[in-house]
Amino acid sequence: MALAFVFPGQGSQAPGMGRDLAAAFPAAREVFQEVDEALKQKLSTLMFEGPAEELTLTANAQPALMAHSVAVLRVLEREGGFDLATRVALVAGHSLGEYSALTAARAFDLPTAARLLRLRGEAMQKATPPGFGAMAALLGAELEQARALCEAARTDPETGQAEVAEVANDNGGGQVVISGHKGAIDRAVAAAPGAGIKRAMPLPVSAPFHCSLMAPAADAMGEALERARIAAPVVPVVANVSADKATDPAAIRDLLVRQVTGTVRWRDCVAAMAAMGCDRFAELGAGKVLTGLMKRNAPDATAVAVGNPADIEAFLKTL
């Protein structure tokens with residue numbers, strides 16, 4: 001049975017995240033302290049205590065989620081003698097979770113990952129003015145249905161002007177997220193029932209992530225990643241935009257830049273990991289979103305969420 005580690009993306013953050021880890025394990029406290037120092041901010045206090053509105057800000061949520069994931073891994077290593085390089089076949093992460101995966105696989109050191117994610121969050125926020133873009137989840141939708149819906153919604157009927165409406169996340173299990181100009185996404189949501197889509201739900205996000213409107217953020221990340229040191233990961237990462245293994249630092253740099261505007265192909269990533277022999281998945285960090293998706297995308301595999309001391313104890317007993 002081959003094991004893969006997966007790492008959650010934005011939306012899994014919540015006040016209290018990581019607090020019990022920090023209370024129980026020095027290894028976790030060290031991670032949170034290192035991230036605080038890298039960002040020159042008490043991000044750990046925000047994680048442990050909130051307020052939720054501040055934690056949810058993209059520039060805070062992204063490094064916070066990475067810090068929680070890496071803290072779990074460090075505890076597994078320190079307390080359980082767990083060696084990722086020999087025990088895990090593949091790593092992957094959803095959107096910002098790809099940075100967590102690369103940090104777990106030692107392609108990034110922890111301070112570099114924290115600073116890159118802070119910059120990524122700020123750049124994504126600045127890429128469009130408030131209220132300019134929107135995102136929506138299509139439930140009970142297949143990828144081709146979502147693409148057709150976006151295509152039909154791209155033209156403003158009043159002005160005839162073309163707007164952006166693109167697939168941001170193909171999460172699998174009939175869950176597709178679309179992103180673009182607010183007008184186009186509103187039209188897609190209104191048209192969804194007539195297109196045979198069970199439910200279309202606008203998402204409470206601050207910017208239209210993973211679409212071409214994020215081009216300024218991709219440029220900013222391109223510059224930052226050129227300066228960042230990326231080592232070859234100790235296990236391959238399955239990248240969001242290619243749904244394939246990546247081990248070469250130059251390729252990883254390119255994939256991370258493309259990821260800012262590209263579709264997160266999570267359904268394909270899970271299928272690729274299963275095809276490569278992974279039948280056990282552990283989601284490290286906050287929440288259980290990917291664990292839930294795993295049950296729909298790889299029903300024959302086992303999936304567990306490992307985010308708190310009890311989860312860690314239970315997981316180590318299965319090894």
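Visitor: Is Phe5 buried or exposed?

Guide: Buried means under 20% relative accessible area, exposed over 50%, and partly exposed in between, with a 1.4 Å probe and protein chains only. Phe5 has a relative accessible area of 0% and is therefore buried. This is a predicted model, in which local features need pLDDT of at least 70 and side-chain atom pairs count only at pLDDT 80 or more, while totals for chains, interfaces and linings use all residues. Residues are numbered from 1 along each chain as its sequence is written, and side-chain values use heavy atoms, with hydrogens and water left out.

Visitor: How many aromatic pairs does the structure hold?

Guide: Rings of Phe, Tyr and Trp (its six-membered ring) pair if their centres lie within 6.5 Å, and planes under 30 degrees apart count as stacked, over 60 as edge-to-face and the rest as tilted. The structure holds five such pairs, among them the tilted pair of Phe5 and Phe315, at 6.1 Å centre to centre with 55° between the planes.

Visitor: Where in the chain do Phe5 and Phe315 lie?

Guide: Helices (H or I, at least four residues) and strands (E, at least two) are DSSP runs, numbered from the N terminus. Phe5 is in strand β1 (residues 2-7) and Phe315 in helix α15 (residues 309-317), 310 residues apart.

Visitor: Which residues form one aromatic cluster?

Guide: Phe82 and Phe315 also form a tilted pair, 6.2 Å centre to centre with 50° between the planes, and Phe5, Phe82 and Phe315 form one aromatic cluster.
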